[in-house]
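This briefing is for a reader who is meeting the structure for the first time. Please look over the sequence and the model below before reading on.

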Amino acid sequence: MRIETLSEGGIERQASGRLNVGTRGPGLTEITDAVAEWVSGTGIRSGLLTVFCRHTSASLLIQENADPDVRRDLLTAFDRLAPRSAGYVHTTEGPDDMPAHIRTMISGVSLSIPVVEGRMTLGTWQGIYLAEHRDRPHRRDVIFHLIGS
Amino acid sequence: MRIETLSEGGIERQASGRLNVGTRGPGLTEITDAVAEWVSGTGIRSGLLTVFCRHTSASLLIQENADPDVRRDLLTAFDRLAPRSAGYVHTTEGPDDMPAHIRTMISGVSLSIPVVEGRMTLGTWQGIYLAEHRDRPHRRDVIFHLIGS
Amino acid sequence: MRIETLSEGGIERQASGRLNVGTRGPGLTEITDAVAEWVSGTGIRSGLLTVFCRHTSASLLIQENADPDVRRDLLTAFDRLAPRSAGYVHTTEGPDDMPAHIRTMISGVSLSIPVVEGRMTLGTWQGIYLAEHRDRPHRRDVIFHLIGS
């Protein structure tokens, strides 16, 4: 088992960016194209991309971008992993708030994706999604950081 | 959907750090202030912060820093997701060890947080927590890495 | 609570690499040694390592490298967290596909590990594992990125 080196080089630049995403309640919003366009626009061809979600009731996923049924089943899975009713103590912000925190904990708020030859190294079936876990529409802030050359 | 560039610039410096946290059994210990102070002290104003937990039975979370009931419900959620008794094969280190490994797997041991204008880009309600999953008090090692300029 | 600075310095170089791992159905394949060897070979002594899995039905874990029973119990935990039969809508790729996506969502596809004094800062009991979640053997692509000096 041996790792093959793809590239080696200097490191010179960084850029940060922000995306404000409007959600329509529980669901996955794909942001892959917007991210690919921004990465390309920075002119950084080789480096590391970080995606960070500034919320505790919305999260980031890399998941299948082909069959929409996958996203539907993922939402059902969230419902089973963090049920809406489970005797929560924290209920002041509504019955959807605590399960939203747990779903965010399970799926996470940061992603790291290497960039090679000007493109994210996502696999063929991988898309980047913002997952909204609250019932009502929200505006969600996502921060991007790209470092490389 | 278009990402707005916040900053662009050179990249010059890095720093690494270590925090040893004493825990008192299952629970969340907030480390946000210590991290903010260290980031500020490095003088790096723009870049990427990485937080890494060197254990397999303690993990890192970004979660709500307002109502303590949220943390209580998160611990209950861990109990439900990785029950204390589930016919585990690995029992030599006690009944709390295997659920601790599973809880660590679910929540993760690394976080990536962009730094802009001298501050972590955490949202208003986001705090950084070390989650202890073993019954007894432990000393836990957390490593920090900051790269930027 | 105060973070102790371990190192400070310049930032000059980056490298990326690729590992193609053959899996034999559900299970964990340890890749720690291959990663340590590659990190060492780059000559980068201080920096940040990123590991990225280019799939939506295989994931990355940092878990205990001592007792193999831990890995066995982790697989059982995946079975309980994302059961094989749960009334999934997406079934066209077989009964193991949708649970594989959910298990990947729970455990994640990217890891960030600081490198200090030429070595990953993994704890004594931490190993890096590729987790295969499909029934049949697959070839899985893992990308590495190291930045530092």
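How many residues does the contact take from chain C and from chain B? The contact takes 41 residues from chain C and 37 residues from chain B. The model is a predicted one, and it scores ipTM 0.96 and pTM 0.97.

**Chain A on its own**

- Chain A has a mean pLDDT of 96, with 100% of its residues at 70 or more.
- Chain A holds 3 helices and 9 strands, and along the sequence they follow the pattern β-β-β-α-β-β-α-α-β-β-β-β.
- Along the principal axes, the C-alpha atoms of chain A fill a box of roughly 55 × 35 × 25 Å.
- Chain A has 149 residues, of which 54% count as buried.
- Among contacts in chain A with a separation of 6 or more, 83% are between residues 24 or more positions apart.

**Where chain C touches chain B**

- On the side of chain C that touches chain B, at least two residues each come from S1, S4, strand S5 (58-64), helix H2 (68-81), H3, S6 and S9 of chain C.
- That side of chain C is made up of 19 nonpolar, 14 polar and 8 charged residues.
- S2(B) and S1(C) run antiparallel and are joined by 6 bridges.
- B:Gln14 has C:Gly9 in S1(C) as its bridge partner.

**Where chain C touches chain A**

- This contact takes 37 residues from chain C and 41 residues from chain A.
- Several elements of chain C each supply at least two residues of the side that touches chain A, including helix H1 (32-42), helix H3 (97-107) and strand S9 (139-148).
- S2(C) gives the most to that side of chain C, with 7 residues.
- By class, the side of chain C that touches chain A divides into 20 nonpolar, 12 polar and 5 charged residues.
- Strand S1 (residues 4-10) of chain A runs antiparallel to S2(C), and 6 bridges join the two.
- A:Glu4 stands opposite C:Arg18, which lies in S2(C).

**A sheet built from chains B and C**

- An open sheet of 6 strands has the order S7(B)-S6(B)-S4(B)-S9(B)-S2(B)-S1(C), with antiparallel pairing.
- Which strands stand at the edges of the sheet? They are strand S7 (119-120) of chain B and strand S1 (4-10) of chain C; each has a single partner strand, so one side of each is left without a neighbour in the sheet.
- S7(B) is joined by 2 bridges to strand S6 (residues 110-116) of chain B, and these two strands run antiparallel.
- One residue of S7(B), B:Arg119, is the bridge partner of B:Val116.
- Helix H1 (residues 32-42) of chain B packs on the sheet, where it touches strand S2 (13-22), strand S4 (47-53), S6, S7 and strand S9 (139-148) of chain B.
- The direction of this helix makes about 35° with that of S9(B).

**Helix H3 of chain C**

- Is H3(C) enclosed or open? In H3(C), 11 of the 11 residues are buried, so the helix is largely enclosed by the rest of the structure.
- The buried residues of H3(C) include C:Asp97, C:His101, C:Arg103 and C:Ser107.
- Also buried in H3(C) are C:Met98, C:Ile102, C:Met105 and C:Ile106, among others.
- Just after H3(C), C:Gly108 takes a positive phi of about 90°.

Key:
Residues numbered from 1 in each chain as written. Chains lettered and ligands numbered in written order. Predicted model: local features only at pLDDT ≥ 70, side-chain atom pairs only at ≥ 80, totals over all residues. Contact = placed C-beta atoms within 7 Å. Helix = DSSP H or I, 4+ residues; strand = E, 2+ residues; numbered from the N terminus. Nonpolar A, V, L, I, M, F, W, Y, C, P; charged D, E, K, R; others polar. Pairing = 2+ DSSP bridges. pLDDT = per-residue confidence, 0-100. Axes fitted to C-alpha atoms, helices over the stretch in contact; angles between N-to-C directions. Buried ≥ 20, exposed ≤ 12 C-beta atoms within 10 Å, placed from the backbone.
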